[in-house]
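I opened my notebook for a first walk through this structure. Have it on screen and follow along with me.

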Amino acid sequence: MWSFHFVIALHLWSVVASGTTSPWILHEEHLDIPSGWTRARKLPSTSPIRLRIALAPSVTMDEMNSYLHDVSHPDSPNYGKHWTPEQVAAKFAAKNDTITAVHNWLVDSGIAPDRVKLSPSNGWLHVLNSTAGEAEELLHTKYHVYVHDTGVEHIATQRYHLPAHVVPHVDFVVPTIHFDAKIPTMTVSRSRNSTEKARRSGSWCEQIEPNCYRGLYGIPETPPSPAKQNGFGIVEYAPNAYLQKDLDMFAKQFSPSLVGKFPKQISIHGGTQQTKLKGSEYNGESDYDLQYAMSLVGEKQQVTLYQVGILAVDSMSDDNFLDAIDAFYCFSSFGNTQHDHTGGYKGPKACGTDKPTNVISSSHAAPEVAISNSYAARQCIEYGKLGVMGVTVLYSSGDSGVAGIYGQCGPSHGKAQTFVPMFPATCPFVTAVGGTELPSDSDNYKEVAWSGSGGGWSNYFAMPAYQADAVKYYLKHHQHGYPSDIWNSTGRSRAYPDISANANNILGAVNGLWTLGSGTSISAPVVGSIITLINDERIRAGKRPVGFINPALYSKKFAGAFTDITSGNNPGCGTQGFKTAKGWDPVAGLGTPKFAQLADAWLTLP
């Protein structure tokens, strides 16, 4: 952690709470505004804020690891015995004394009791109809609107305080110091070639299209009718939105049976298919994700689009998405709430409205350093909850090598700058998908690592047991000579990515034009399509979906299920980044998938 500083310091003021005087303590502080963000203006005190307090967790990361291992490791006698939502709620509820302490503080501070609501999971307290001014008084802080270089706006503080007697019971408060707004990262350019030239040329794909992925990874060209209990979900955040004309343009060329078909849309926090803003920066991400997901799983498999947020001064984050698919993460049972500030969504909040699909792919990420350690851990555990319930969660690993979004790095140390790991890819409870490419002189479909493939080591999360052998082998045999102050060289932290797929020179239709795209944003839904098709086979065989896949991917039973990528690196921050190697590496992970071998391996499991 090179930018966050968590300081415990007593201040002169105090608060009377439940009859006792308690000094205020600095709870979290972000001394440096993350790269790419600028403080634009003070947030008016009358602006509504969706104030939420994360209560001290009752389950640790180690315990979450244990629960996931129990249902996800191929050697476990409980493999595939996923939990019910009720079991999750019972296991993760906060302790009564924690709930009481925080509730009493809010009420004693002047919040009416009927405005303090407890989440169904007993994990959060929510202050209904709160304003910026009220939150500032509660937290001894000031809220501002920050603007990213891309134009995305977000509200945040640089620090906040809590009464000393409340501190042990609070994990963190949102919104405060966390810069987790979704920033589009995919690179799209107009193709100079016709679509006919984009099809196979000789024995290699000059430009990648669906048949190239089928050829590279053995994906069935005509998938059988899907099982009714199956589903594949894609997550998109405002202002990103697909255009139906683009889906049809792509389908006409590569999947004619999909012309006129569209994804099943789940609107989250007012999410709509906006058409006001058009262009690759607004349509590229969603167009590509859906074009490849729908083409690869076939016309009969329903693809669900989780569309999050509207056009406004809104800060969309994974919290908003998790609200809608996990009733134990949100507050809808307590009535309508409002979003962060003026211009935002003010309607009913989605909360557990839809059962999550068996596979969920997201191509959005933020630098770890943009959020606090506690916030990242809390959200990571939420992905773990989905895993123990049998959901596969995939995240792209990033598009700037060892750097963060748009190549932004940390402080300089000599000629190099600090590497920036990407979250949620660094969460050990999701599957991080890196990128590969076909070099222009390839004549045998032999992929190499894509130079933009995000990868490295987390600064927040410990190394999970499932990848320990593979990662330690890499570290033992491949020394890079980088100083320890620019990357986490301890050998004890979560390493990523886990797996990869082609991420460069990808053909797509965006805003009526044929374009070439690059980014692990495309790799993630490709791998998601493969897992969805494998779930089909398991469900038809009377088995459950694969759920959290990482323990299986790293196990000996799956050793032959990948094409090892042994050429390439992921430069950034004034360095050549990390190198590929035999076996797992921090550029391409375990390699690219072999569909038939993966399917066979999973079909042998209960």
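**Cis prolines.** I began at P175, which sits in the loop between β10 and β11 (187-190). Strands here are DSSP runs of E with at least two residues, helices are runs of H or I with at least four residues, and both are numbered from the N terminus. The peptide bond that leads from V174 into P175 is cis, and its omega is near -5°. I also looked up F423 and P424, which are joined by a cis peptide bond with omega of about 10°. P424 belongs to the loop between β20 and β21.

**Ground rules.** I noted that this is a predicted model, in which local features need pLDDT of at least 70 and side-chain atom pairs count only at pLDDT 80 or more, while totals for chains, interfaces and linings use all residues. Residues are numbered from 1 along each chain as its sequence is written, and side-chain values use heavy atoms, with hydrogens and water left out.

**The sheet.** Next I traced an open sheet of 4 strands, in the order β5-β6-β4-β10 with antiparallel pairing. Its edge strands, β5 (116-118) and β10 (170-174), each pair on one side only. From one strand to the next, the twist averages 20°. Pairing asks that DSSP find at least two bridges between two strands. I checked β5 against β6 (residues 124-131) and found antiparallel pairing over 3 bridges. Which residue in β6 is the bridge partner of K117? The partner is H126.

**Helices on the sheet.** Helix α4 (residues 132-139) packs on the sheet and touches β4 (48-55), β6 and β10. The direction of α4 makes about 130° with that of β6. Helix α10 (residues 373-388) packs on the sheet too, touching β4, β6 and β10. The direction of α10 makes about 95° with that of β10. For such angles, axes are lines fitted to C-alpha atoms, for helices over the stretch in contact, and the angles run from 0 to 180 degrees between N-to-C directions. Contact means heavy atoms within 4.5 Å.

**Disulfides.** How many disulfides does the structure hold? I found 3 of them, each being a pair of cysteine sulfur atoms within 2.5 Å.

- C205 and C212 form one, with their sulfur atoms 1.9 Å apart. This link is left-handed, with -110° about the S-S bond. Both C205 and C212 are buried, where buried means under 20% relative accessible area, exposed means over 50% and partly exposed lies in between (1.4 Å probe, protein chains only).
- C380 is joined to C427, S to S 2.0 Å. The pair links distant parts of the chain, with C380 in helix α10 and C427 in the loop between β20 (422-423) and β21 (431-437), 47 residues apart. The torsion about the S-S bond is about 80°, so this disulfide is right-handed. C380 has a relative accessible area of 0%, so I wrote it down as buried. C427 counts as buried as well, at 0% relative accessibility.
- C409 is joined to C573, S to S 2.1 Å. C409 lies in the loop between β17 (392-396) and β18 (412-413) and C573 in the loop between β28 (562-563) and β29 (592-593), so the pair ties together parts that are 164 residues apart in sequence. The torsion about the S-S bond is about -95°, so the disulfide is left-handed.

Is C573 buried or exposed? I have it as buried, because its relative accessibility is 6%. N505, in the loop between β25 (499-502) and β26, also has a positive phi, near 65°, in a residue other than glycine. N505 is partly exposed, with a relative accessible area of 28%.

**V510.** I then moved to strand β26 (residues 506-510), where V510 is found. V510 is buried, with a relative accessible area of 3%. Leaving out residues up to four places away in sequence, V510 touches several others, among them V188, D246, Y288 and T515. V510 and K245 are 265 residues apart in sequence and 8.9 Å apart in space, C-alpha to C-alpha.

**Cavities.** A cavity is a set of points on a 1 Å grid over the protein atoms alone where a 1.4 Å probe fits but cannot get out, and lining residues have an atom within 4 Å of a point. Grid points are joined across faces, edges and corners, and a volume is the space filled by probe spheres set on the points. The second largest cavity has a volume of about 160 Å³. It is lined by 17 residues, of which P34, S35, P367, A370 and Q408 lie nearest its centre.

Methods
1 Å grid on protein atoms, 1.4 Å probe; cavity = no way out; pocket = protein on both sides within 12 Å on 5 of 7 lines; lining within 4 Å.
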